[in-house]
Amino acid sequence: AYRPAVVYLNGEYWGIYNMREKADEDFVENNYDLDEDAFDMVELSGRLTHGSMDAWTIFSDYLKHNNTALPTVYANIKAQMYMDYIILQTYVGNTDWPRNNTRWWDDHANNYAWRWMLRDLDYTFLVKNLKRDMIEWTMRGKGPTSYVFSKLWVNTEFRHEFAQRYAAHLNTTFLPPNVINLIDSMAAGIRPEIPAHTARWERPANLTAWENEVQIL
């Protein structure tokens, strides 16, 4: 959840800040109605942040020691990788990922299925990344997220499902009018405050410069 807020420190205008939920164990508890002992959470290169590493170790070992190209192996792990997460990260061109800003958690009651969490999308929608092959970028990235994705990629069924799901999102979720409408609605929520914010920080330089950045998005 997110909403913009105007901040003053000791009476001094400090500009627009983003109030939002933190992507941590409290987020999981509050949004998925789980007790704190009902899930595990891991991040980055495999650092435990909540619960136990047992389930993740079992899953990682299974990937390491089994041929994911085989249908039987893929059937056992397909629920463990959420395609929408990869699709979104590659669509927005997040090059501060997957080496950084990764976090995932499991649900003990749901066969320890893993869910990946979105974190820190500041480095997305950059013009310099327009022509970057984000699938290749994801594949050669370091860390567990890239490892799981590359292990699944050798499976023909996974590639077909991934391509079909990606195409479906490109023709619905990510249609340009849909994305532009979302950008415009979020911009409208803070536009009245931009003159004061840019006067305080000079980044962007002024309202016109900010409007240009919105158009670049």
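Trainee: How many helices and strands does the protein chain have?
Mentor: The protein chain has 10 helices and six strands. Those are DSSP runs numbered from the N terminus, with helices being H or I over at least four residues and strands being E over at least two. Keep in mind that this is a predicted model, where local features need pLDDT of at least 70, side-chain atom pairs count only at pLDDT 80 or more, and totals for chains, interfaces and linings use all residues. Residues are numbered from 1 along each chain as its sequence is written, and side-chain values use heavy atoms, with hydrogens and water left out.

Trainee: What are the spans of the C-alpha trace along its principal axes?
Mentor: About 60 × 40 × 25 Å. The protein chain exposes about 13100 Å², and carbon and sulfur atoms supply 53% of that. Accessible areas come from the Shrake-Rupley method with a 1.4 Å probe; for residues, only the protein chains shown count as cover.

Trainee: Why is I87 called buried?
Mentor: Buried means under 20% relative accessible area, exposed means over 50%, and partly exposed is in between (1.4 Å probe, protein chains only). I87 has a relative accessible area of 1%, so I87 is buried. I87 sits in helix α4. Across the protein chain, buried residues make up 35% of the 217 residues.

Trainee: Which residues does I87 touch, not counting residues up to four places away in sequence?
Mentor: F162, R165, Y166, H169 and F174. Contact here means heavy atoms within 4.5 Å. Of the contacts in the protein chain between residues at least 6 apart in sequence, 62% join residues at least 24 apart.

Trainee: What makes helix α6 largely enclosed by the rest of the structure?
Mentor: Seven of the 10 residues of α6 (residues 144–153) are buried, so the helix counts as largely enclosed. The buried ones are P144, T145, S146, V148, F149, K151 and L152.

Trainee: How do you know that E43 and R119 form a salt bridge?
Mentor: A salt bridge needs a side-chain nitrogen of Lys or Arg within 4 Å of a carboxyl oxygen of Asp or Glu. The closest N and O atoms of E43 and R119 are 3.7 Å apart, and the pair does form a salt bridge. This pair links distant parts of the chain, with E43 in strand β3 and R119 in the loop between β6 (113–116) and α5 (134–140), 76 residues apart. E43 is buried because its relative accessibility is 5%, whereas R119, at 22%, counts as partly exposed.

Trainee: Which residues are linked with E43 in a network of salt bridges?
Mentor: R47, R103 and R119 are linked with E43 in that network. The structure holds nine salt bridges.

Trainee: Why is L182 called exposed?
Mentor: L182 has 52% relative accessibility, so L182 counts as exposed. L182 lies in helix α8 (residues 176–190).

Trainee: What makes Y2, L182 and M186 a patch?
Mentor: Patches are made of residues with over 30% relative accessible area and no salt bridge; like charges are joined within 9 Å, and nonpolar side chains (Val, Leu, Ile, Met, Phe, Trp, Tyr) within 5 Å. Y2, L182 and M186 form a nonpolar patch on the surface, with about 300 Å² of accessible area together.

Trainee: Which residues gather in a patch of negative charge?
Mentor: D33, D35, E36 and D37 do, on the surface. Asp and Glu count as negative and Lys and Arg as positive, while His and the chain ends are not counted. The place of a charge is taken as NZ of Lys, CZ of Arg, CG of Asp or CD of Glu. D35 sits in the loop between α1 (25–32) and β3 (39–43), and D35 is exposed because its relative accessible area is 56%.
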